[in-house]
Amino acid sequence: MDKTYNNKAWLLVIPVFLLVAISAIIPIMTVVNYSVQDTFGNNQFFWAGTEWFEDVLNSERFWDALGRNVLFSFIILSIEIPLGIAIALAMPKKGPWVPVCLVLMALPLLIPWNVVGTIWQIFGRADIGLLGHTLDSIGINYNYTANVFDAWVTIIVMDVWHWTSLVVLLCYAGLVSIPEAYYQAARIDGASRWSVFRFIQLPKMRGVLIIAFLLRFMDSFMIYTEPFVLTGGGPGNSTTFMSIDLVKQAIGQFDLGPAAAMSLIYQLIVLLVCYVFFTVMSNVGAEKPEQGVED
Amino acid sequence: MELSWMAWTGPTALFWLGIISCLVGMCVWEYFSPGGNPRLGILRFETTRGDRLFISLLGSAFIHLAWLGLVGPSLWWAMGISLIYAVIVFRTV
């Protein structure tokens, strides 16, 4: 049957296009314009060419912050994705406990970022916080404001606590959509628990795992509020991620040109990683189409 | 409309015109040859014309950044390499 084309549908896209133009395209255009100029305020700009890009690319500060971002995202994904899958697999698929589990899982997601930072800031304090006081009383010298390792562990545990639920809920949605017939067939074939996971559940969760991975990568790579509230980027610069450094440059130092250049490089890295991952995940196990005609 | 806050310059306007021209060109191409010409290239995954343009633009951005960071501010060579890279992407990916 021939597909019907209705070009009037394009009219329905106009509101979305306008929204994206105002919220994304115009700001990006402005950032590109700022990245090649210098300003001292009052809408006065001076041409700087590619100077800011060179400065950013040759600055140790940028590469250090990028390294911290990559390390943080790697640790976060290594923990949250497997943990999210494991919790989703352990959750009941039917019965009265389903809504209880779902609500419990959704609770951390409802808490705003700055509140999460404040909760953990207090939680980790040795004088009034439950975690800090408990660790202190059993002889562990825990101090996230002075010790780099403690600061990193606290930020990682805080992020895992806040965002693993998202992975769990996405994986759970993928799991409950698998028809019972698949499991019946596996039982008839005598498949082991691992085989059911490897050949039924994991392939069926591929779509939601792509979304979970991309969301968690982008969010962890752009993390700002929680570490800013918890450690302020310290001790020293040990938890100064690119977003924190960017805000320090743009708002703290009012270096809008270098900040714009840095944010464009930052965006390109996010785009590249997301595209590579999306392409790889979308094509693993997908059916290959026929070879097309060359352009 | 007051647009001084956007800090437009001639070179950045040219840059955006280039990007918009690419998109308009792709629309015209799609109009005359619909379907996006999906195919399996050397990367062994299906790409359409739009994918190839995206890979070309993203790769070109990194070529320019690498040139700026490793060589210097003169970007003509980087632009030349990017054009060759884009041709290779459109022919082989």
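A: Of the 295 residues in chain A, 26% are buried (20 or more other C-beta atoms within 10 Å of the residue's own; exposed means 12 or fewer, partly exposed in between, with C-beta atoms placed from the backbone). This is a predicted model, in which local features need pLDDT of at least 70 and side-chain atom pairs count only at pLDDT 80 or more, while totals for chains, interfaces and linings use all residues. Residues are numbered from 1 along each chain as its sequence is written, and chains are lettered from A and ligands numbered from 1 in the order in which they are written.

Chain A has 13 helices and two strands, where helices (H or I, at least four residues) and strands (E, at least two) are DSSP runs numbered from the N terminus. Its C-alpha atoms fill a box of roughly 70 × 70 × 35 Å along the principal axes. Among contacts in chain A with a separation of 6 or more, 70% join residues 24 or more positions apart; a contact is a pair of residues whose C-beta atoms, placed from the backbone, lie within 7 Å.

The part to look at is helix α13 of chain A, residues 256-283. Its 28 residues reach 40 Å from first C-alpha to last, close to the 40 Å expected at 1.5 Å a residue; the expected span is 1.5 Å times one less than the number of residues. The buried residues of α13(A) run from A:Leu256 through A:Gly257, A:Pro258, A:Ala259, A:Ala260, A:Ala261, A:Met262, A:Ser263, A:Leu264 and A:Ile265 to A:Tyr266. Against these residues pack α1 (9-35), β1 (37-39), α2 (51-57), α3 (60-90) and α12 (242-252) of chain A, and also α2 (49-70) of chain B.

The contact between the chains takes 29 residues from chain A and 26 residues from chain B. On the chain A side, α1, β2 (45-47), α2 and α13 each give two or more residues. Helix α13(A) supplies the largest share, seven residues. By class, that side has 15 nonpolar, 11 polar and three charged residues. Here Ala, Val, Leu, Ile, Met, Phe, Trp, Tyr, Cys and Pro count as nonpolar, Asp, Glu, Lys and Arg as charged, and the others, Gly among them, as polar.

Chain B has three helices and two strands, in the order α-β-β-α-α from the N terminus. Chain B is more spread out than a compact globule, because its radius of gyration is 16 Å, well over the 12 Å that the globule rule gives for 93 residues. That radius is taken over C-alpha atoms, and the rule is 2.2 Å times the number of residues to the power 0.38. The C-alpha trace of chain B spans about 45 × 40 × 15 Å along its principal axes, and 13% of its 93 residues are buried.

Back in chain A, an automatic or database domain assignment gives domain 1 (10-49) and domain 2 (60-283). Their centres, taken over C-alpha atoms, are 30 Å apart. Eight residues of domain 1 of chain A are in contact with six residues of domain 2 of chain A. On the domain 1 side, α1 and β1 of chain A each supply at least two residues, and α1(A) gives the most, with four residues.

Terms used: Contact = placed C-beta atoms within 7 Å.
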